[in-house]
Structure formats: C-alpha cells, structure tokens
Amino acid sequence: MRELPSSPYIAGAWAVGDGDLFDVLNPATGEVLATVAGAGERDLESALAAASDALPTWSRTAPRVRGEVLRRAFELMHERAEELATLMTLEMGKTLADARAEVGYAAEFFRWFAEEAPRIGGELRTAPSGGNRILTLRKPVGVCLLVTPWNFPAAMATRKIGPALAAGCTVVLKPAEDTPLTALYLAGLLAEAGAPPGVVNVLPTAQPGPLVAAALADERVRKLSFTGSTAVGRLLLAQAAPRVLRCSMELGGNAPFIVLEDADLDTAVDGAMLAKMRNGGQACTAANRFLVRAEVAEEFTAKLTDRMAALRLGPGSDEATGLGPMVNRRAVERITKLVDDVVAGGAKIHLGATPAAGPGFFYPATVLTGSSQASTLATEEVFGPVAAIYPVASDEEIVARANATEYGLTGYLYTRDLARGLRIGEQLEIGMIGLNRGLVSDPAAPFGGVRQSGLGREGGFEGIEEYLETSYIATSW
Ligand code: NAD
C-alpha cells in the first residue's frame, strides 16, 4: 500500500500537528500500523479559521457545483475501493468483505447528497388571514463539528460530510482515535474531487475531550453532529448547551431481534447472521437480545449455533476470514467480562465464550442461553460477536421486553404474518425496524433512534435538514 496521510488536514494542506503523536494499531496483530501526528490547540484554531473563511464562498457556490464535488467523491471512492477497504481492515479489523461493503455504503452518501444539493427548497405561503405572504428560505447552518466513531470509519464520516457539504456548510471532522487514517484518506479524496481548501478539515487526536470541548465553546462552530456512545453523547449535549448549539446525535442501541413461532427459521437465521455478525457485532444496529418465541427457541438456537460455528476467526485481511478481531484490547476485556458474568450466573454456553490467544485482539463467535435479562449483557450494548437468546412466551411479553431499555435505535422482527409483524412493530419504541430483514441501513432511509439512542436523522430526505436553518420573510404585496 502507498504511504497514506497521517497528520491533520487543514485549509487544504497536511499540517505538521501541534498535538501529541499517537499510534494506530492493527488489531489483527497488535502491531503499530502508523504513528499519527495529533492535532492540538493551534491546529484547532487554524481549522476553525479555515472553515469559517471558506463558508461564505462555499455556501454561495451553486448547489449543482457542490453536488458535483460530492458526485466526483463518490466516483473516486469506487475507483479506490480496494485501497480504502484494505486500509479499513488494517486499521479497524473488519473483514475485507465488510470493508468493501462499507466503501459502497459510505460512497452512496456522497451520491445521495450530490442529488439532494440541487433540491434544497423554500416555500411561498399565504397567511391564513390573507393579509401577507410567508416566504421561507433554507440556509446552511454554518461551520459544523463532526465527531465520529471507529466502527464504520468511512460511512459515519460520509453520512455527515455528504449532507453538510450539500447544504453549503463547511466542516471540521474529529475522527475516532482508533481509526483516524480512514478519515484522513477521505479528506485527500474530497480535495481531489474539488472540495475547496477549508471546506473539509480533519483533526485526529488521542485526547478528544479537550479538543472537542474547545471547539464547542468556539463561537464559529454552529452545529455538532456526533455519532458514538450514549455516555459521550450526553456529555457533549451538556457542553453544547451554553451556546445552544444545534445537535444531531446518533448514539448507542440495544436492538431486540424478535423471532415469532411462525417465522421461516432459515430466513431468520440468515437475518440474524447479518444483524448480529456484520462488522463482528460492533455495530450500533447490532442485534443485542434475541427474543425468540419459546416454541422455536431450541431450533433457532441450534441453527444459529451451526452458522456461527462455521465462521473462521482470523485477520480481516485474509479472504477466508468470517470474523475478524475486535477493535482493541479493551474491547476484548469488556466482552470477556460481560460473558464471564452471565456464565458465572448459570448461562449455558453453546459456542465460544473463551477469548482467543494473541497476538491480536480476538474473541470468538459465541452463543449463550439462560442468561438473565437483568444482566449487563442484556441491558448494555454487547458490541461483539456474542448472541444471547431469551425465550419468550407471548407477543405481549415480547413488546414489554423489547421496550424495557433506555435505548431505541434498531429492532428486527421475523414472522410470516405481515399484519402481526406490523402490529408488534408499531408498539416498539424504536427508530428503525427490520421486518423480515437483518439490515436496516440505507442511504435513502432516515437513520436514527428514539429515546436515548439519539436526536435527528441521517440519510434520506431528512439528512440534509440537519444542516439547514429555516428563516422566513413576512411580506405583503
Ligand atoms: P465513543 O462514544 O467512545 O466515541 C465516539 C467519538 O467520540 C470518538 O471520536 C471519540 O474520540 C469521541 N470522544 C470520546 N470521548 C470523548 C469526550 N470525552 N469528549 C469528546 N469526544 C469524545 O464511541 P465509540 O466506541 O467510538 O463507538 C461505539 C459507539 O458508537 C457505540 O455506542 C455505538 O452504538 C455508537 N454508534 C452509533 C451509531 C448510530 O448511528 N447511532 C453508529 C455507529 C456507532
């Protein structure tokens, strides 16, 4: 692989970085993949200055031209798909198949918002009294701070950069410390696609707290779009409060995966493999609790265990690998504890449950039954390749259990009876439901959660709204 950028990207150039150096590890080996020059206070100042200097021109650039930059970025991502997929696999551990799928998914946000840029509208209404006209205008919010997680290092960035640029905003992106290289790669690609200097700036750092806090306190920043854990999301909402910043929050989930007794179990297991094991289980949308009607729980468990057992554990860069490493050592330690706790409490192990020996950060595909629904494994995000199955006796119990969480991002429901599926689906306090589908992510759909899973939507027609303000002119003629 050619040498890739590893320092802050500010005002159209690679900066030296006035923060601390930090290492990015390859989770398959535990070895250093790259040493990155972190951004410090001066870099933040330069990036905010660049983004606010670029704003007047970019926001007045013709929507078609803004769209064409995004369209070109979409094309470049496809031209470079293999290089970018390989980089994500090395940096974050996901299998090459997952990485290639993410490149396609991530690029699609550039294409979708390239098409949305020329469709930003306004309205002319007549006041109910008939006395005046109401002219509504849509304007870009301004400079946006984008903070992204490591699990989908390309897609979580493009899902924000796409609509922001389409709307006429400029951005400062702060990627996760485990995966800054993918974000820096995208910065170079956007420049090549024609994004003018200052429109996209990227600040890697291993000390996100002070940098993000300083950015949120800066009057040039008008919006925060965050994807990450609910805990950090809460903290940033509080930091955004003094300046009453616009906030979009894509936070954690605790997805129920519901299987009714009339479901086609083979289709349900196909869906379960996707919903649970995509990205090694490290997805906010990942199935977290398998709520299975007792009549079919044993058969579903056996089928799922067979499929999980067939996944080959290994480096994501090996084409035969079905399950790559976890992102870092802390993730392995965390999931080991979640599983050990329920096993000590009497859960039955059908598969896995023992961390693999190093080097690298591996945890095997695991299937458990008999764990308590009050356990941390059930109440927190598992964020790994562990499926815990809970038999349930009735549809009423399913709805009650599915909703017994502070989260409300994703859910899955398998049944042959569409009306019954929709009836249950309507009662779930969840932003996105897969009905006989194990995947809900789609650039054309409004992605987002309710309750403590977030605020706002990304993708779809809704996605660009997050980066637009409405103002109106009252007029008479
Ligand atoms: P995280 O919350 O630890 O980190 C997310 C981002 O916040 C990173 O860029 C990190 O550097 C930054 N950050 C961490 N602490 C901070 C602080 N004190 N101040 C400012 N910034 C800080 O989450 P993660 O481990 O990177 O990602 C996993 C989480 O993200 C899971 O909870 C997952 O559900 C969630 N997620 C949600 C979605 C969604 O669309 N709803 C998508 C992907 C991931």
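These are my notebook entries on one predicted chain.

**Ground rules.** I work on a predicted model, where local features need pLDDT of at least 70, side-chain atom pairs count only at pLDDT 80 or more, and totals for chains, interfaces and linings use all residues. Residues are numbered from 1 along each chain as its sequence is written, and side-chain values use heavy atoms, with hydrogens and water left out.

**Overall form.** I looked up the secondary structure and found 14 helices and 20 strands. Both are DSSP runs: helices are H or I with at least four residues, strands are E with at least two. Next I checked the radius of gyration, taken over C-alpha atoms. The chain has 23 Å, which agrees with the value near 23 Å for a compact globule of 477 residues. That rule is 2.2 Å times the number of residues to the power 0.38. The C-alpha trace spans about 70 × 60 × 40 Å along its principal axes.

Buried means under 20% relative accessible area, with a 1.4 Å probe and protein chains only. Then I turned to contacts (heavy atoms within 4.5 Å). Of those with a separation of 6 or more, 72% join residues 24 or more positions apart.

**Cysteines.** I searched the whole structure for disulfides (cysteine sulfur pairs within 2.5 Å) and found zero. Cys 247 is in none; its nearest cysteine sulfur belongs to Cys 144, 11 Å away. Cys 247 counts as buried because its relative accessibility is 18%. Cys 284 is buried too, at 16%.

Methods
Buried means under 20% relative accessible area, exposed over 50%, partly exposed in between (1.4 Å probe, protein chains only).
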